[in-house]
Amino acid sequence: MALWFEEEQGGQARKFRVERTIYQAVSPFQRIDIVETSALGRMLLLDGLVMCSEGDEFIYHEMMAHVPLFSHPKGRSVLIIGGGDGGTAREVLRHPSVERCTLVEIDGMVVDACKAHFHQTACAFEDPRLTLYVQDGIAFVAQSEERFDLILVDSTDPQGLAAPLFGDEFYRHIFRLLTDDGMVVAQAESAYFQPDQQRAVLARMNSLFPRNYLYQYFNLSYPGNMWGFALGSKGPCPLLDFREVDLNASGMEFRYYSAAIHRASFALPAFQARNVAGLVTRFA
Ligand code: SAM
């Protein structure tokens, strides 16, 4: 009999046929599963929710990393909050301009599990430019005196563990730690299932940053398949300052990201644009 894993969201459910369970544990913070699915290969689940899969993690991780990195004039120092699977860090570290990448993950067991069973993303931890802190992200930003060109908030959903990563205090520290032309990108949920969350994270960013945006990606493993990132900027505009010439000259190859996708990702469906009206900076 086939085994299925089911994730329910907003009265809908998604099912993935599971070939075998590779890793299962309960950390002090959450339940951690790594399973082999027939549709998307290995899949990391935290508290029963899909975090990433071998088959489509490139979409989320390319879009979280390359949109801000090709919008910032020269991202040298990057802070990632969460991201314990390593996928966002892997994409960030593909940029030769990045001299140091600091990753702050509250749950060391997630990192260890991915190093052991999800090398496709955890390979990032072998890069000497990466420094890992196993710590609560809010505690790290509150005491840090470092400066970062980019801060990427690659967290779980805004409840429980990750709740403080969507709060005012956290963003006040983010603003303080960013350089004068720094940018923050945060995982901003789904327009279909969490429109309130999208508005809330943008409202928080608006209270601090002069420029704020929402951009989209479409993957297979998240409910509704259309999810967003919120971007707050102290200076650069992700379209007007998009370094397309540098992208073309970089010789970097991607599976989802491209110059066209960079631009198109900021186009929002009408219902979503109305939901965040007044919270997204116009591209003038
Ligand atoms: N791409 C995924 C998504 O969109 O849901 C996120 C992937 S990553 C595995 C999320 C990570 O955030 C988890 O490993 C979790 O332990 C971490 N996390 C949650 N709350 C945190 C906090 N307060 N400080 C640092 N890391 C946190």
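## Two loop residues

D47 sits in the loop that links β4 (41-46) to β5 (49-53). Strands here are DSSP runs of E with at least two residues, helices are runs of H or I with at least four, and both are numbered from the N terminus. This is a predicted model, where local features need pLDDT of at least 70, side-chain atom pairs count only at pLDDT 80 or more, and totals for chains, interfaces and linings use all residues. Residues are numbered from 1 along each chain as its sequence is written, and side-chain values use heavy atoms, leaving out hydrogens and water.

D47 is not a glycine, yet its phi is positive, about 50°. Most residues other than glycine have a negative phi. N225 also has a positive phi, about 70°, and is not a glycine. N225 lies in the loop between β11 (211-218) and β12 (226-233). The cut-offs are under 20% relative accessible area for buried and over 50% for exposed, with partly exposed in between (1.4 Å probe, protein chains only).

## The whole chain

The chain holds 10 helices and 12 strands. Its radius of gyration is 18 Å, close to the 19 Å from the globule rule for 284 residues, so the chain is as compact as a globular protein of that length. That radius is taken over C-alpha atoms, and the rule is 2.2 Å times the number of residues to the power 0.38. The C-alpha atoms fill a box of roughly 55 × 45 × 40 Å along the principal axes. Of the 284 residues, 57% are buried.
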